[in-house]
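Please take a moment to look over the chain below before reading on.

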Amino acid sequence: MTIVESITNDLNELPNSKLVDVARYVRDLVPEASRRQRKALDELHGTISDESAKALNDALAESDA
């Protein structure tokens, strides 16, 4: 078993709340990812409905908590 397979197996055994922690940790390891995410969101501005924008904003705020 490769290291990636081993890590994947470990991740599959984690509860969702811990997977969120792992995702945040990985995101923080790659500062460029956060910049790209914000740039993509800026490009979306004005292209989706207010309701969809609010839902997206709420989801992002929750993921940053």
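Helices (H or I, at least four residues) and strands (E, at least two) are DSSP runs, numbered from the N terminus. This is a predicted model, in which local features need pLDDT of at least 70 and side-chain atom pairs count only at pLDDT 80 or more, while totals for chains, interfaces and linings use all residues. Residues are numbered from 1 along each chain as its sequence is written, and side-chain values use heavy atoms, with hydrogens and water left out.

The chain holds four helices and zero strands, so that its pattern along the sequence reads α-α-α-α. Its radius of gyration (taken over C-alpha atoms) is 15 Å, well over the 11 Å that the globule rule gives for 65 residues, so the chain is more spread out than a compact globule; that rule is 2.2 Å times the number of residues to the power 0.38. Along its principal axes, the C-alpha trace spans about 45 × 25 × 20 Å.

Of the 65 residues, 3% count as buried, where buried means under 20% relative accessible area, exposed over 50%, and partly exposed in between (1.4 Å probe, protein chains only). Helix α2, residues 16-29, contains V26, which counts as partly exposed because its relative accessibility is 44%. The C-alpha atoms of V26 and A59 are separated by 18 Å, although the two residues lie 33 residues apart along the chain.

Helix α3 has 14 residues, which at 1.5 Å a residue should span 20 Å, and its end C-alpha atoms are 21 Å apart, which agrees; the expected span is 1.5 Å times one less than the number of residues. After α3 comes G46, whose phi is positive, near 85°.

A pocket is an open set of points on a 1 Å grid over the protein atoms alone, where a 1.4 Å probe fits, with protein on both sides within 12 Å along at least five of seven lines; its lining residues have an atom within 4 Å of a point. Among the residues that line the largest pocket are R38, H45, G46, D50 and N57. The elements that give two or more residues to this lining are α3 (31-44) and α4 (50-64), and α4 gives the most, with five residues.
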